[in-house]
Amino acid sequence: MAVSPLSESPKTATCVATVLLDGAQSTIDVRADETVLEAAKRAGLNPPFACEEGNCGTCMARLVAGRVEMRVNDALTDEDVADGYVLTCQSVPQTPSVTVDYA
């Protein structure tokens, strides 16, 4: 089994994320094994979140570009996922760049 680049040092940025939030666009670095939400909070952004366990859906955003892997999804329906929505608290980027829209 091939080792994903995300399993490298947690201090190394493995993805650049563009976050659309409250009418603003921010570009942040996402570290290995860090979720989009964790990176956004570390960067000083104020994205919506509550449980951070993939249960409530408060952190739901639309994945506009790139690919993520959700660790847990107990909140979104299959239709939500098909429409491009992810739980950012559980979304670990799988591509060099991702864009999420909290609109």
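## Glu34 and its polar partners

In this predicted model, the side chains of Glu34 and Arg42 are joined by a polar contact of 2.9 Å. The pair also qualifies as a salt bridge, in which the closest N and O atoms lie 2.9 Å apart. Side chains of opposite charge can pair when their charged atoms come close.

Glu34 belongs to the loop between β2 (24-31) and α1 (36-42). Because its relative accessibility is 9%, below the 20% limit, Glu34 counts as buried, whereas Arg42, at 37% relative accessibility, counts as partly exposed. Leaving aside residues up to four places away in sequence, Glu34 touches Asp29, Ala39, Arg42, Arg71, Ser91, Val92 and Pro93, so that Arg42, the salt-bridge partner of Glu34, is also one of the residues in this list.

## The salt bridge of Lys41 and Glu52

The structure holds two salt bridges, and besides the pair formed by Glu34 and Arg42 there is one in which the side chains of Lys41 and Glu52 meet, at 3.1 Å from N to O. This pair links distant parts of the chain, with Lys41 in helix α1 and Glu52 in the loop between α1 and β3 (60-65), eleven residues apart. Lys41 is partly exposed, with a relative accessible area of 32%, and Glu52 is likewise partly exposed, with a relative accessible area of 32%.

Lys41 takes part in another arrangement as well, for its charged end sits over the ring of Phe49, 4.1 Å from the centre of that ring. As for contacts between aromatic rings themselves, the count of aromatic pairs comes to zero.

## The nonpolar core

The largest nonpolar core has 21 residues, and those with the most contacts inside it are Val19, Ile28, Leu63, Val98, Val100 and Tyr102. Several elements contribute to this core, with β1 (13-21), β2, α1, β3, β5 (85-87) and β7 (97-101) each supplying at least two of its residues.

Definitions and conventions
Residues numbered from 1 in each chain as written. Predicted model: local features only at pLDDT ≥ 70, side-chain atom pairs only at ≥ 80, totals over all residues. Heavy atoms only, no water. Helix = DSSP H or I, 4+ residues; strand = E, 2+ residues; numbered from the N terminus. Buried < 20%, exposed > 50% of the residue type's maximum accessible area, 1.4 Å probe, protein only. Polar contact = N/O pair within 3.5 Å; in protein donor to acceptor, adjacent residues only side chain to side chain. Contact = heavy atoms within 4.5 Å. Salt bridge = Lys/Arg side-chain N within 4 Å of Asp/Glu carboxyl O. Phe/Tyr/Trp six-rings, centres within 6.5 Å; stacked < 30°, edge-to-face > 60°. Lys NZ or Arg CZ within 6 Å of the ring centre and 35° of its normal. Core = buried A, V, L, I, M, F, W, Y, C linked by side-chain atoms within 4.5 Å.
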